[in-house]
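Work through each task before reading its solution.

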Amino acid sequence: MADIDAGAHRRALLERLAEENAACLVFSGSPAFRNADSEYRFRPTSDFLYLTGFTEPDTALLLVPNGEEAKSILFLRERDPKAEVWTGRRLGVERAVEALGVDDARPVDALFEDLPKLLAGHEALVYESDGGGARDRDVLDALARARSARRRGEASPSAWIEPEATLHELRLRKDEAELEAMRRAAALTTDAHRAAMRAAKPGMLEMELEARIEFECRSKGSTGPAYTTIVAGGANACILHYVENDARLEDGDLVLIDAGYEWNYHASDVTRTFPVNGRFSPEQRTLYDLVLAAQHAAIARCHVGSSFDDVHDAALDVLVDGLIEHGLLGGTREEAIESESYRRFYMHRTSHWIGLDVHDCGAYYRDGESRPLEPGMVLTVEPGLYVAEDDDTVEERWRGIGIRIEDDVHVTGGDPEVLTAAVPTDPDEIEALMA
Ligand SMILES: [Mn+2]
């Protein structure tokens with residue numbers, strides 16, 4: 001069971017659903033197989049965790065604001081002592097109402113049979129498509145049966161709606177309990193990054209640093225990695241999603257670590273880049289200082305009155321000016337941004353929302369405009385520069401350098417709160433920590 005204030009989340013969502021006369025159906029998901037019959041450790045979908053705090057697979061939550069007896073109904077696996085010996089304990093239908101605070105609990109096998117009747121009186125169903133898979137077909141079939149069985153004058157859902165405008169708007173704005181979980185995730189993760197910085201030395205395998213980070217986080221009770229850890233020495237840092245982590249760290253190279261662990265299923269997402277031998281070379285330091293200046297400019301824009309894209313634009317201006325100054329790009333800032341010539345060195349965006357998911361839900365645009373930042377939103381700020389090993393448009397001394405600096409930033413009513421500030425970004429502080 002996750003420590004999540006699911007009852008408050010359900011009440012807030014039920015209020016929104018009532019305004020739209022909509023029901024909402026959310027699934028936990030099922031275990032995924034790594035190979036043959038070996039399963040990955042199960043983690044429920046974040047929508048389901050947010051609304052239930054329940055961590056068993058093969059479960060669904062139905063919210064029906066117009067329901068006559070129950071507004072929240074959990075469909076879950078029944079107790080089965082023989083199966084539980086193999087795959088773990090089950091809460092079971094009988095104990096679910098008391099344990100989880102839902103209004104009603106039923107066997108999951110009854111879900112699609114019961115659904116048409118329970119949807120009566122609602123005009124829409126909020127449900128996240130599985131992309132035309134088996135679940136979509138079951139839901140469409142239930143909607144069709146709901147329409148044919150409706151009594152005179154009684155509404156039945158004539159549409160299904162993706163959760164973006166309802167559930168995902170709630171998740172986008174974090175309450176104090178969620179922020180506290182994210183601060184703890186940040187604390188675990190930044191402790192681990194500091195340990196990795198201190199441990200790094202030439203000749204080590206990248207995966208030794210990955211293992212160090214996992215040890216630090218899991219031994220403090222983290223629910224797991226928020227994504228697959230990247231430890232990229234030298235030019236491996238120019239591969240954005242490098243996860244092999246099997247190369248040796250070379251004296252004179254930088255190493256980029258992008259690693260974030262969860263606390264109580266809430267994510268953190270941190271990247272640091274530092275010299276394997278503890279000292280930046282002049283070229284590494286030049287590009288590092290540039291990325292750091294871009295990050296500072298972007299974090300300074302994480303306040304009410306900025307839009308999401310303003311944060312990216314602030315970083316981009318600094319990066320482009322520096323690339324021109326050091327001869328990696330030609331022309332003016334305006335020309336480089338207009339032609340996107342900078343994308344050779346900076347090919348990703350600066351930010352994404354973060355919360356229960358590392359790339360959290362929530363719309364980035366509204367009516368075609370980048371949305372304004374509001375208190376309670378949390379976003380990453382992660383500018384980078386990546387000069388390919390074989391880029392013969394730049395002087396040789398820059399080639400094979402990849403740098404990213406990433407922190408998680410909470411937008412408040414005042415100054416931005418950098419949740420992950422406990423691991424240094426200042427190059428002198430990094431060198432001092434590694435000495
Ligand atoms: Mn990120």
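On a 1 Å grid over the protein atoms alone, a pocket is an open set of points with protein on both sides within 12 Å along at least five of seven lines, whereas a cavity is a set where a 1.4 Å probe fits but cannot get out; lining residues have an atom within 4 Å of a point. Grid points are joined across faces, edges and corners, and a volume is the space filled by probe spheres set on the points.

The model is predicted: local features need pLDDT of at least 70, side-chain atom pairs count only at pLDDT 80 or more, and totals for chains, interfaces and linings use all residues. Residues are numbered from 1 along each chain as its sequence is written, and side-chain values use heavy atoms, with hydrogens and water left out.

**Exercise 1.** Describe the largest pocket and its lining.

Solution. Start with the volume: the largest pocket holds about 1,000 Å³ of space. Next, take the lining, which has 30 residues; Glu-39, Tyr-40, Arg-41, Phe-42 and Arg-43 lie nearest the centre. Then list the elements that give two or more residues to this lining: α3 (81–87), α9 (206–218), β9 (224–225) and β12 (261–262). Here helices (H or I, at least four residues) and strands (E, at least two) are DSSP runs, numbered from the N terminus. Finally, sort the lining by class, which gives 11 nonpolar, seven polar and 12 charged residues. Ala, Val, Leu, Ile, Met, Phe, Trp, Tyr, Cys and Pro count as nonpolar, Asp, Glu, Lys and Arg as charged, and the others, Gly among them, as polar.

**Exercise 2.** How many cavities of 30 Å³ or more does a search of the whole structure find?

Solution. The search finds one. The volume of the largest cavity is about 40 Å³. Its lining consists of Tyr-50, Arg-171, Lys-174, Glu-178, His-266, Gly-355, Leu-356 and Asp-360. By class, that lining has two nonpolar, two polar and four charged residues.

**Exercise 3.** Work out how helix α8 (residues 176–199) is placed against helix α13 (residues 427–434).

Solution. The axes come within 8 Å and cross at roughly 65 degrees. Axes are lines fitted to C-alpha atoms, for helices over the stretch in contact, and angles run from 0 to 180 degrees between N-to-C directions. Angles under 35 degrees count as roughly parallel, over 145 as roughly antiparallel, 65 to 115 as roughly perpendicular and the rest as oblique. Therefore α8 and α13 are roughly perpendicular to each other. Contact (heavy atoms within 4.5 Å) involves Arg-194, Met-197 and Arg-198 of α8 and Ile-430, Leu-433 and Met-434 of α13. These comprise four nonpolar, no polar and two charged residues.

**Exercise 4.** Classify the packing of helix α10 (residues 282–299) against α13.

Solution. The axes lie 11 Å apart, at an angle of about 120 degrees. This makes α10 oblique to α13. From α10, Arg-285, Tyr-288, Asp-289 and Leu-292 meet Pro-427, Asp-428 and Ile-430 of α13.

**Exercise 5.** Repeat the analysis for α10 and helix α11 (residues 308–325).

Solution. The two axes come within 8 Å and cross at roughly 155 degrees. So α10 is roughly antiparallel to α11. The contact includes Leu-290 and Val-291 of α10 and Val-311 and Ala-314 of α11. By class, the contact of α10 with α11 has 12 nonpolar, one polar and no charged residues.
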